[in-house]
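Dear colleague,

I am handing over the structure below, and after it I set out what was found. Please read the notes with the coordinates open beside them.

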Amino acid sequence: MDSNDVRRTWADRSGEFSPAYYAHYGPDEKSEAIGDLLVGALDRDDSVLELGFGSGRHLSHLQQRGFESLSGIDVNEDALDVMTDAYPDLAADGTFYFEAIEDVVGDFADGTFDAVYSIETLQHIHPDADWVFDELARITDDLLVTIENEGEVETGQSDDPAVTYVNDEVPLYYRDWNQVFTDAGFVEVESRPLGRDVLRVFRPDDHDSLSRSS
């Protein structure tokens with residue numbers, strides 16, 4: 001399976017792991033974790049981008065906590081209809097890109113977003129598209145957050161990630177996200193388990209605090 005195959009898998013996804021599937025479950029502990037982080041680190045009018053927003057459940061949670069400048073990227077065009085039905089206020093007020101991350105991230109200027117985050121999305125990026133991680137660092141001005149399934153990842157494995165297949169069809173690539181984004185010029189300022197995933201918080205190496213000065 002090459003990178004184009006992986007993108008098509010998600011673009012055509014219905015049923016399990018589709019936008020409608022996640023809309024059924026709504027916000028969860030990962031939504032709360034992202035919300036708590038951003039509330040402590042950003043102003044409510046700062047710009048936030050979610051990678052692979054799906055139904056919009058995590059962004060909707062941020063909107064309810066007062067964030068006003070919300071954007072998302074998702075390759076599955078069904079995400080728009082799902083979000084319009086499940087979270088109409090978000091659909092009306094947010095900015096959304098219905099393309100693969102690889103196809104849109106290069107169009108953003110340096111530091112476009114104050115915060116960029118991913119919840120179980122970067123783990124599906126094919127190794128052929130590893131270049132996208134440097135692009136994500138480039139467009140992030142302040143805070144980069146990953147909540148990804150790292151499996152049995154070993155330090156130094158990011159150049160050749162291990163892969164497993166969910167239900168024998170959906171590839172999941174295990175990477176050392178600390179190495180990926182410290183190599184891109186960021187510093188990890190927090191890391192902790194979050195269910196089956198690991199939450200990691202990064203900032204550019206000229207930032208040394210998670211909370212902004214008042």
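In this predicted model, residues 24 or more positions apart account for 71% of those contacts in the chain that have a separation of 6 or more. Of the 214 residues in the chain, 52% are buried, and the accessible surface comes to about 9,600 Å², with 41% of that area belonging to carbon and sulfur atoms.

The secondary structure amounts to nine helices and nine strands, and seven strands form an open sheet of mixed pairing, in the order β3-β2-β1-β4-β5-β9-β8. At the edges stand β3 (95–97) and β8, each of which has a single partner strand, so that one side of each is left without a neighbour in the sheet. Direction ignored, neighbouring strands of this sheet are turned by 15 degrees against each other on average.

Within the sheet, β1 and β4 pair in the parallel sense over four bridges, and Leu51 has Ser118 in β4 as its bridge partner. Helix α4 (residues 57–64) packs on the sheet, where it touches β1, β2 (69–73), β3 and β4, and its direction makes about 180 degrees with that of β2.

With kind regards

Terms used. Residues numbered from 1 in each chain as written. Predicted model: local features only at pLDDT ≥ 70, side-chain atom pairs only at ≥ 80, totals over all residues. Heavy atoms only, no water. Pairing = 2+ DSSP bridges. Helix = DSSP H or I, 4+ residues; strand = E, 2+ residues; numbered from the N terminus. Axes fitted to C-alpha atoms, helices over the stretch in contact; angles between N-to-C directions. Contact = heavy atoms within 4.5 Å. Buried < 20%, exposed > 50% of the residue type's maximum accessible area, 1.4 Å probe, protein only. Areas by Shrake-Rupley, 256 points an atom, 1.4 Å probe, with all protein chains shown as cover.
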